[in-house]
Amino acid sequence: MTKYVAAAIQMTSGDSIADNIAQAAPLIAEAAKRGATLVTLPENAFYMRREGTASITDVTLEAHAGILWSQAAAKEHGIWLLVGSVRTLDVGAAKAANRSVLIAPDGNIAATYDKIHLFDVTVPGGQSYRESSQALPGDEAVAVKTPFGMIGLSICYDVRFPNLYRALALAGAEILTVPSAFTRPTGKAHWHTLLKARAIENACYVMAPAQCGVHPGGRETYGHSIIIDPWGTILAEMTEDKQGIIIAEIDTARVADIRAQLPVLQHHRALPEVKVI
């Protein structure tokens, strides 16, 4: 399979897993009805609140209500479903991980990825975010073989670290997923530029489902869920600040064609030590 339909879902998630499931359910059904084989949800799909404003009950992946529902939804619609991220706690761990979960059409979990780069920043306007106060960073990059190509997994703030995406592309990734909850100030300034750069420099498709709007606790996210082709062309974008879906055709043969024309991955060299004078 070289051509297939993919969908990115934009959400305004809150602090009720049940309400977030109710929001996601018709959007996933619509995407499947429109022929999507791969459907992607944003970061924090089933729980979204500004850090430090409410206690969060962390559970294991196997017990997470959002994941259990997603497994059933993937099986019902016969789709690959990427849950952009959920917070799950491994047995014996001091803190949860911010974990992306790829579910196969049979409802089984095909792969997970723990966010490597945690969002510990103060954005323009003075708002401070300390993701590390509630989550542990991952230490492993993950690429997943699927019937329609290899998917490289990442989450939101990872997009500012290009070496991660180069490693995924060198491992064979043809599609890069960047489920996100970008703040509005950083989204307005950097969202499109960063995502287009990751697509162009690695000759990969980029799928970035995003959170949008105002969430409990006052956090505001940028939206603009987007799908970009390996040449950097925007195939679909959600420009409205509301829940919805975008659809695009993915053609992995186009990845091969562009990489043949501009063989950047073949020309890649390990970075030398910097000579400081």
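## A parallel strand pair and its sheet

In this predicted model, strand β11 (residues 175-177) pairs in the parallel sense with strand β12 (residues 205-208) over three bridges, where helices (H or I, at least four residues) and strands (E, at least two) are DSSP runs numbered from the N terminus, and two strands pair if DSSP finds at least two bridges between them. Within this pair, Ile-175 has Tyr-205 of β12 as its bridge partner.

An open sheet of six strands runs in the order β9-β10-β11-β12-β15-β16, with mixed pairing. Its edges are formed by β9 (143-146) and β16 (234-237), each of which has a single partner strand, so one side of each is left without a neighbour in the sheet. Neighbouring strands of this sheet are turned by 15 degrees against each other on average, direction ignored, with axes taken as lines fitted to C-alpha atoms.

## Basis of the description

Residues are numbered from 1 along each chain as its sequence is written. Because the model is predicted, local features need pLDDT of at least 70 and side-chain atom pairs count only at pLDDT 80 or more, while totals for chains, interfaces and linings use all residues, and side-chain values use heavy atoms, with hydrogens and water left out.

## Overall form

The protein contains six helices and 17 strands, and its C-alpha atoms fill a box of roughly 55 × 50 × 40 Å along the principal axes. For 277 residues a compact globule would have a radius of gyration near 19 Å, and the 18 Å of the protein agrees with this; the radius is taken over C-alpha atoms, and the globule rule is 2.2 Å times the number of residues to the power 0.38.

Among contacts (heavy atoms within 4.5 Å) between residues at least 6 apart in sequence, 68% join residues at least 24 apart.

## Nonpolar cores

A nonpolar core is a set of buried Ala, Val, Leu, Ile, Met, Phe, Trp, Tyr and Cys residues joined through side-chain atoms within 4.5 Å. The largest has 48 residues, of which Leu-38, Leu-153, Trp-191 and Leu-195 touch the most other members. A second, separate core of 23 residues includes Leu-27, Ala-31, Leu-61 and Val-86.

Not counting residues up to four places away in sequence, Leu-153 touches Leu-82, Ala-111, Thr-112, Tyr-113, Val-142, Val-144, Leu-168 and Thr-177.

## Strand β17 and Gly-244

Strand β17 (residues 244-251) has six of its eight residues buried, so it is largely enclosed by the rest of the structure. Eight bridges join β17 to strand β1 (residues 3-10), and the two run antiparallel; one of the bridge partners is Ile-245 of β17, which pairs with Ile-9.

Gly-244 lies in β17 and, at 7% relative accessibility, counts as buried. Not counting residues up to four places away in sequence, Gly-244 touches Ala-8, Ile-9, Gln-10, Leu-27 and Met-238. Gly-244 and Ala-31 are 213 residues apart in sequence, with their C-alpha atoms 9.7 Å apart in space.

## A partly exposed loop residue

Gln-127 is placed in the loop between β6 (120-122) and β7 (128-130), where its 29% relative accessibility makes it count as partly exposed. From Gly-107, Gln-127 is 20 residues away in sequence and 39 Å away in space, C-alpha to C-alpha.

Note on methods: Buried means under 20% relative accessible area, exposed over 50%, partly exposed in between (1.4 Å probe, protein chains only). Axes are lines fitted to C-alpha atoms, for helices over the stretch in contact, and angles run from 0 to 180 degrees between N-to-C directions.
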